[in-house]
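Student: I am new to this structure. Could you take me through one part of it closely?

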Amino acid sequence: MPDPVLSAIHGRRSVGRVSADPVDREVVEELLDAAVAAPNHKETAPWRFVVLAGDARGIVGEAHAQAVARMRPDLTPEGRAKEAALLDRAPVVIACCLIPGVDPVRAREDRDAVAAAVQNLLLAAHARRLGAIWRTGTMTDEPEVREALGLEPRDALVGLVYLGHLPDGVDSSPSPRRGSDPFTEWRGW
Ligand SMILES: Cc1cc2nc3c(=O)[nH]c(=O)nc-3n(C[C@H](O)[C@H](O)[C@H](O)COP(=O)(O)O)c2cc1C
């Protein structure tokens, strides 16, 4: 019998191209509430979300462009403008951040919890028929971007979730995945 949870898990896919139409704030709040429903050892709530829309995306994009220009002095003005506009690829970009515990074990578990929260966020977006993709890349480590997001030295940017409405005609059906068998060892069965 089809199960809605399993259908959502198997039906979700990353969608990088979304429409520029705004997403209602209430909908984003609903997705974030789903994110923080993720399992979290000791209930440390290690997640922080910075929800960027409108010009706020450009401020972080500009910080990224500054970082790229610092690392690549040969960057052309066109190239710089392209880097600065990266966050404009979706109307909403959610910076999913980690505030880790001091204890190394706790810090590791905290990062795992934030990753689980991001997956919840992606699944909730899928449930609401929105397109979403988890992006990382060099941007997540750039000091300029970290500062623009208000991260403290021990904090981490686990990912940027780009979110928007599905444009007409975009195929959002999942690509086939291998089952779990190649990755699984059964013992004592
Ligand atoms: C930690 C992490 C980082 C990712 N970073 C990027 C990224 O920088 N750019 C990108 O296009 N996709 C990124 N993705 C999305 C993956 O490419 C995507 O999940 C993968 O291609 C599988 O596709 P699916 O999500 O449709 O199943 C990332 C996914 C994860 C889990």
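Tutor: Start with Arg72. The model is a predicted one. In it, Arg72 has a relative accessibility of 40%. Buried means under 20% and exposed means over 50%, so a value in between counts as partly exposed. Arg72 therefore counts as partly exposed.

Now place Arg72 along the chain. Arg72 sits in the loop between helix H3, residues 55-71, and helix H4, residues 77-84. Next, compare sequence and space. Asp110 is 38 residues from Arg72 in sequence. From C-alpha to C-alpha, Arg72 and Asp110 are 34 Å apart.

Ile9 can be read the same way. Its relative accessible area is 38%, so Ile9 is partly exposed. Ile9 belongs to helix H1, which spans residues 4-11. Together with Val5 and Leu6, Ile9 makes a nonpolar surface patch of about 270 Å².

Turn to the ligand. Around the ligand are Arg12, Arg13, Ser14, Ile133, Trp134, Arg135, Thr136, Gly137 and Arg177. This shell divides into two nonpolar, three polar and four charged residues.

Some of these residues place polar atoms by ligand oxygens. Ser14 has a polar side-chain atom 2.5 Å from an oxygen atom of the ligand. For Arg177, an N or O atom of the side chain is 2.5 Å from a ligand oxygen atom. Thr136 uses its backbone: a polar atom there is 2.9 Å from an oxygen atom of the ligand. On its own, the ligand has 620 Å² of accessible area, and the protein covers 55% of that.

Key
Residues are numbered from 1 along each chain as its sequence is written. This is a predicted model: local features need pLDDT of at least 70, side-chain atom pairs count only at pLDDT 80 or more; totals for chains, interfaces and linings use all residues. Side-chain values use heavy atoms; hydrogens and water are left out. A residue is near a molecule or strand if one of its heavy atoms lies within 4 Å of it. A polar contact is a pair of N or O atoms within 3.5 Å; within protein, one must be able to donate a hydrogen and the other to accept it, and residues adjacent in sequence count only if both atoms are side-chain atoms. Accessible areas come from the Shrake-Rupley method with a 1.4 Å probe; for residues, only the protein chains shown count as cover. Ala, Val, Leu, Ile, Met, Phe, Trp, Tyr, Cys and Pro count as nonpolar, Asp, Glu, Lys and Arg as charged, and the others, Gly among them, as polar. Patches are made of residues with over 30% relative accessible area and no salt bridge: like charges are joined within 9 Å, nonpolar side chains (Val, Leu, Ile, Met, Phe, Trp, Tyr) within 5 Å. A salt bridge is a side-chain nitrogen of Lys or Arg within 4 Å of a carboxyl oxygen of Asp or Glu. Helices (H or I, at least four residues) and strands (E, at least two) are DSSP runs, numbered from the N terminus. Buried means under 20% relative accessible area, exposed over 50%, partly exposed in between (1.4 Å probe, protein chains only).
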